[in-house]
Amino acid sequence: MGVIRHVVCAMSGGVDSSVAALLLKRRGYNVTGVFMKNWDSLDENGVCATEKDCEDAYKVCQMLDIPFHQVSYVKEYWHEVFSNLLKEYEKGRTPNPDILCNKHIKFNHFHKYAIITLGADALATGHYARTSQEEEEVFQQTPKTGPLVLFRNRFEVRNPVRLHKGADLVKDQTFFLSQISQDALRQTIFPLAGLTKDFVKKMAAEAGFHHVLKKKEYLEPRPGNFVSIEDGTVMGTHKGWFTFTLGQRARIGGQRDAWFVVDKDINTGDVMVAPSTNHPSLFRDTLRTDRFHWIAEEPPTQLARTQMMECHFRFIHQMPLTPCTVTLNMDGSVWISLAQPLRALTPGQFAVLYKGDECLGSGKIIQLGPMTSPSSGVGETSQLKEQTPEPVR
């Protein structure tokens, strides 16, 4: 009789993780459901939304007759995710909490809890993604730890596990997994890899599963002015520049015409606005990231050999992929040159790169190149400019 593998499934109280646990149980694994509490919040009726999600997850585990655990990462989330968001907002950037939560909480603290504390053979989540290894190969992996260096030893990890898009290309969630570590990925199963969202909903309905999920975020207001980027005229006032994302409409009192956010000055608190969604100041075709996180090869063979590589780029989940050329810098950051200017590239968001259906990894956007127009006219450089690193020679 074969060994029954122990798999810990992250349970959110949602339909995806519930069906993931269902599939694991049907495959004959010894499944343990664990709910992560990352935040304390109350809904409009004063009820803790997290507790309602936890109850939903517990009910699913009862229906599947599998053990249920709850673990709190409220403190870790505050220090490693939320505090980071506040710092990014203060720098005039627009961070992505989902990518940061997956990196620091789910595939770091929770991964260690599942493997070390609960003694699991693997971790499973309800993400729509897949890896390059077969399910049985997951159970043959052992975690490796070593000193933090600029780049991993290219020969240290043989046959690295790669992250690929799931079967449902609309629901694909590799964007949010683009900062996952190689160690965590090697010990992770994505049961929904080959399924579509519609089919998952059908399975959930047949199994009688239900879910409720609500999340809220906040930040104290810091007033400032809306300033025309064309002539410096003060157009109105706002309650906090950190609440605005580049490209969104700025609702300015007393203005009949629409104005759109094109830049933010973190020193004065001014939000620069333009009178058109296609204003040249909204378009960029180059950007720089911080130290780039490569999922499989660090860096990819072609990039290590020539310091340049062609691939595809996106900075918003589900946005169309754009062809680009990547240049590697000595500090591990990269410059990304786009085949065509994109509207509202946003510092603080993550630049996620793809080669075919493989997600290569991501890096936080920290600098934008010169303003351009859709027809590649050149304008001014973003006010969020930082010191430019030296390319690899």
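A: Two strands pair if DSSP finds at least two bridges between them. Helices (H or I, at least four residues) and strands (E, at least two) are DSSP runs, numbered from the N terminus. This is a predicted model, in which local features need pLDDT of at least 70, side-chain atom pairs count only at pLDDT 80 or more, and totals for chains, interfaces and linings use all residues. Residues are numbered from 1 along each chain as its sequence is written, and side-chain values use heavy atoms, with hydrogens and water left out.

Start with the sheet. Five strands form an open sheet in the order β3-β2-β1-β4-β7, with parallel pairing. The edges are β3 (68-72) and β7 (188-189). Each has a single partner strand, so one side of each is left without a neighbour in the sheet. At one end of that order, β4 (residues 122-124) and β7 pair in the parallel sense over two bridges. Here Leu123 stands opposite Thr188 in β7.

Contact means heavy atoms within 4.5 Å. Axes are lines fitted to C-alpha atoms, for helices over the stretch in contact, and angles run from 0 to 180 degrees between N-to-C directions.

Helix α1 (residues 15-26) also meets helix α7 (residues 197-207). Their axes come within 9 Å and cross at roughly 75 degrees. That makes α1 roughly perpendicular to α7. Angles of 65 to 115 degrees count as roughly perpendicular, under 35 as roughly parallel, over 145 as roughly antiparallel and the rest as oblique. From α1, the contact uses Val15, Asp16, Val19, Leu22, Leu23 and Arg26. From α7 come Lys197, Val200, Lys201, Met203, Ala204 and Ala207. Eight of these residues are nonpolar, none polar and four charged. Ala, Val, Leu, Ile, Met, Phe, Trp, Tyr, Cys and Pro count as nonpolar, Asp, Glu, Lys and Arg as charged, and the others, Gly among them, as polar.

Helix α4 (residues 97-117) lies across β1, β2, β3, β4 and β7. It runs at about 135 degrees to β4. Asn102 lies in this helix. At 9% relative accessibility, Asn102 counts as buried (under 20% relative accessible area; exposed is over 50%, partly exposed in between; 1.4 Å probe, protein chains only). Its side chain reaches the backbone oxygen of Phe176 at 3.0 Å. Leaving aside neighbours within four places in sequence, Asn102 is in contact with Phe107, His127, Phe176 and Leu177.

How values were computed:
Polar contact = N/O pair within 3.5 Å; in protein donor to acceptor, adjacent residues only side chain to side chain.
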